[in-house]
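This briefing is meant for someone meeting this structure for the first time. Please look over the sequence and the model before reading the points below.

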Amino acid sequence: MLVVRAGFRPRELAGLRLFRNRQRREDGMKSHKEETAVLQKWVRPMLFGAVAGALTCLAVLLLLAALLAARDVPQTAVTPMAVAAAAIGAFVGGFVAAKIAGEKGWLFGAACGLLLFLLILVAGGLSMLRDIRGSMLLTKLGVMLASAAVGGMAGVNLGHSRRRR
């Protein structure tokens, strides 16, 4: 016989209730809780990752601008420096996004890298399309996607602070 005190729910009953909430509705539509969970699973990590990546990219670009002002750097080195700054920002963005998501690091990282690439493209007022060859734009996209995916894998796999029992 199962005796239940007021305010106490046995684990078996709580587990059944959780399982029931995860089932789809009979009409095939997602419930409001499922839609909210999807938003929290994707939007929150991507938003925080994109902000962290953009701020990192901005900080690296400011450091490189100070270097350009202080030293005589050849003009041909400016574009690779900008790509490197974008790659560092994408790595940090992918790392943060995957760390928050806690799973699928390469996917969250690459998605965050794509989002950062689009943000940089829009922030440049799409003027990069006129000034840069298409191959350089694709190179920048590839470098950012790869860097962010590696950052995402690192974010998922590094820094687990689980206590051993």
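The model is a predicted one, and its protein chain holds 6 helices and 0 strands. Read from the N terminus, the elements therefore follow the order α-α-α-α-α-α, with numbering of helices that begins at that end. Of the 165 residues in the protein chain, 26% are buried.

**The chain as a whole**

- The accessible surface of the protein chain amounts to about 11,900 Å², and carbon and sulfur atoms account for 65% of this surface.
- When contacts between residues at least 6 apart in sequence are considered, 73% of them in the protein chain join residues at least 24 apart.
- A search of the whole structure turns up 1 salt bridge, while the number of disulfides is 0.

- Leaving aside residues up to four places away in sequence, Arg44 touches Leu39 and Ile100; the C-alpha atoms of Arg44 and Ala101, which are 57 residues apart along the chain, are separated by 8.3 Å.

- Just after α3, Gly102 adopts a positive phi of about 80°.
- Lys104, in the loop between α3 (78–101) and α4, has a positive phi of about 50° even though it is not a glycine, and this lysine is partly exposed at a relative accessible area of 42%.

**The salt bridge**

- Side chains of opposite charge can pair when their charged atoms come close.
- Here the side chains of Lys41 and Glu103 meet in a salt bridge, with a distance of 3.2 Å from N to O.
- This pair links distant parts of the chain, since Lys41 sits in helix α2 and Glu103 in the loop between α3 and α4, 62 residues apart.
- Both partners are partly exposed: Lys41 has a relative accessible area of 35%, and Glu103 has one of 33%.

**Helix α4 and Phe108**

- Helix α4 takes in residues 105–123, and its 19 residues reach 26 Å from the first C-alpha to the last, close to the 27 Å expected at 1.5 Å a residue.
- The buried residues in α4 are Gly105, Phe108, Gly109, Cys112, Gly113, Leu116, Phe117 and Leu121.
- An α-helix has 3.6 residues a turn, so residues three or four places apart point the same way.
- Phe108, which has its place in α4, is buried with a relative accessible area of 0%.
- Not counting residues up to four places away in sequence, Phe108 touches Lys41, Trp42, Pro45, Met46, Ala97, Ala98, Ala101 and Glu103.
- The C-alpha atoms of Phe108 and Met46 are separated by 7.3 Å, although the two residues are 62 residues apart along the chain.

**Helix α6 and Ser147**

- Ser147 is found in helix α6, which covers residues 134–157.
- Ser147 counts as buried because its relative accessibility is 14%, and the limit for buried is under 20%.
- The contacts of Ser147, not counting residues up to four places away in sequence, are with Ala87, Ala90 and Phe91.

Definitions and conventions
Residues are numbered from 1 along each chain as its sequence is written. This is a predicted model: local features need pLDDT of at least 70, side-chain atom pairs count only at pLDDT 80 or more; totals for chains, interfaces and linings use all residues. Side-chain values use heavy atoms; hydrogens and water are left out. A disulfide is a pair of cysteine sulfur atoms within 2.5 Å. Helices (H or I, at least four residues) and strands (E, at least two) are DSSP runs, numbered from the N terminus. The expected span of a helix is 1.5 Å times one less than its number of residues. Buried means under 20% relative accessible area, exposed over 50%, partly exposed in between (1.4 Å probe, protein chains only). Contact means heavy atoms within 4.5 Å. Accessible areas come from the Shrake-Rupley method with a 1.4 Å probe; for residues, only the protein chains shown count as cover. A salt bridge is a side-chain nitrogen of Lys or Arg within 4 Å of a carboxyl oxygen of Asp or Glu.
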